[in-house]
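Have the model open as you read.

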Amino acid sequence: MADIIYTKVDEAPELASASFLPIIRSFTKAAGLTIGTRDISLAGRILASFPEYLSDDQKQSDDLAELGEMVKKPDANVIKLPNISASQPQLNAAIKELQAQGYKLPDYPSDPSSDEEKTVKAKYDAIKGSAVNPVLREGNSDRRAPKAVKEYARKNPHRMGAWQSTSKTHVATMGQNDFRANEKSTTLSAAQAGNAKIEFVVRDGTTTTLKGDWLLDEGDVVDATFLSVKALDAFLAQEIRDAKDQGVLFSLHLKATMMKVSDPIIFGHCVKVFLKDVFDKHGATFAELGVSPDLGLGDLEAKVATLPADKAAEIQADVKAALDNGPDLYMVNSDKGLTNLHVSSDVIIDASMPALIRAGGKGWGPDGKEADAKCVIPDSSYAGVYSAVIDFCRENGALDPAKMGTVPNVGLMAQKAEEYGSHPQTFKASADGTIRIVDAAGTTLIEHAVEGGDIWRACRTKDAPVRDWVKLGVTRARLSGMPGVFWLDKSRAHDAELLKKVDAYLPEHDTAGLDLKIMAPTEAARYTTERIARGEDTISITGNVLRDYLTDLYPILEVGTSAKMLSIVPLMNGGGLFETGAGGSAPKHVQQLQEENYLRWDSLGEFCALGASLEHLANAKGNTKSAVLAETLDSAVEKLLDNDKSPARKVGGLDNRGSHFYVALYWAQALAAQDKDADLKAHFAPIAEALVANESAILAELNGVQGSPADTGGYYHAPQAKVDAVMRPSATLNGVIDG
């Protein structure tokens, strides 16, 4: 195994890797370290899943499965960049691109009729959504803003929109007959452990096994719940009317990428309710076209455009009338007419809600202007968190990044914990009946009466990750000196079971002198936000979904982005997984590169992850050279921030490639200046000199390509040679780094 494994991913992070990875390899080679790569990109995972359709030279190894085994080993050291959690439209687009490149992959069969098509669909479905993170996360999450990043944000505060006390922006949530309200939970005894199954019993008594051989262990917390689509439709209709009455934007906030089964269905219900008259009138035509509301307004428009001109014009006019008669929609791109309802994966709650809060509670409307918004979050499990922060800002004004405290997170995520592990146990009820979990002994553990169309799901949280999570929370509170808050609600079924474990495992640790609290999420959000406004720091100790939400929410408010966060996953068997921030803005960055040959992606997250990875390697293997590399990289990053050498937003400034040049320059200078390792000092002194001497020439070569379109040869599966040509345009820099 290589000393460090660097992941090949998608979009802007992968483009940036073409520029930064050669620098990493050059610098670590001098210390005798090896860097390996594994492909977990969407295209790579598709190719690995269908070897029987490919020629020998096209076949690809299953790197995700290999990494899944690797992270269970004590010497694992993996740097994991943001990858696409594919929605259905993204999956379809990736398949088409690969087919156009000569890969004879099967189409995605949305309505499979043969056993082969069912097998193909199952393989593709396994690739959708968050298919990577649950495999790799064999540990819990320790995520925080690096000190240098936080200090830079305080000295150079980013823009925050002004909040008005009269703002109409608010959160709307169901509160009843949703996942939160219908949840049931239990902790398994030894007698209940074993291979469980999930059954669907229709009203006539016919029983179907939805999932068999679901291995459950003693101590597992098992949850099940459902969302009533009848209640959902009524709720959506009411909120659409209310948005129109109030004159605010209607916005829907889901996570259709991570919650790849349930949230696209919820999204589809919103599309259908918003365009109710259109679906009522043209339902038969839509059925013939294969229109699915789950795929959004964009898919509907594309399929309608294939009809004869007169019929297409009729439907297009009806769609326009429905949009005009409803409330103004929150826009993804006002200039292009892309609404919140065009594609389910375009508005992701953990990115969209913090951005709206940062903007003073404003979203972009169809007229290209900002406006107050109704933020519809159908399930009420975590909606109150955003509502609490919005209420605080309305009452107190915008938070000030120059004075804000910080909110690190300790997140329970190991071994597919909680809802983010629910995909294989999520089902759409085909009729009225009962869905139940039956244990190995044949006893019903949990059951729900459902109606046709209802969304039912189950998940489990294993005992060992909970114990490790409690330990990590206590450890971080001790090391940081910050108070820590467990975001748990005793009135919620799952949290009540988890609280029993927290109460049992906290006494295993020395908590003397620590300030540890337990609060329901809404209360915790208010408490934490009040503290950061006063410049005080608070650790959030949360479950898996809140880990995801809060490590975007507070970093975006604190430092302007979540991509600059340090995310360490201490693997339960002793290794380390180092994650590099968030990729939610990556598609826009790729678009800008293709149009202007300018990549504004900030690799600060990668810099921080590499430093933590090198530090872990030094501690785990006693590698002193690795320790020197880590220390000097930290110094280089501080200098990068102090000298404002991060990417600018527009052509003419320093972009991602220029930022990589400066981190290489500062890193080489720090290595040449240090006295802990003479070999490294001697090796990097001439490299530092060469980079300084050629600074003007290198910048001219890097910046000289800006302003014209860039051809990477693909979006999901770009040929490496073309990517390298775009991302490494400086022959002078390449000569120093590769030489």
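Strand E14 (residues 370-376) is mostly tucked away, with five of its seven residues buried (buried means under 20% relative accessible area, using a 1.4 Å probe and protein chains only). Strands here are DSSP runs of E with at least two residues, and helices are runs of H or I with at least four, numbered from the N terminus.

E14 runs parallel to strand E5 (residues 170-172), with three bridges, and valine 171 sits opposite cysteine 375. Strand E10 (residues 249-252) is also parallel to E14, over four bridges; there, serine 251 has cysteine 375 as its bridge partner. Pairing takes at least two DSSP bridges between two strands.

## The hairpin

Strand E13 (residues 362-364) goes antiparallel to E14, again with three bridges, and tryptophan 364 faces glutamate 370. The two strands make a hairpin with five residues between them, and glycine 368 in the turn has a positive phi of about 80°.

## The whole chain

Zooming out, the protein chain has 27 helices and 24 strands. Its C-alpha trace spans about 80 × 70 × 60 Å along the principal axes. Buried residues account for 58% of the 739.

## Ground rules

This is a predicted model, where local features need pLDDT of at least 70, side-chain atom pairs need 80 or more, and totals for chains, interfaces and linings use all residues. Numbering starts from 1 along each chain as its sequence is written, and side-chain values use heavy atoms, leaving out hydrogens and water.

Conventions. Buried means under 20% relative accessible area, exposed over 50%, partly exposed in between (1.4 Å probe, protein chains only).
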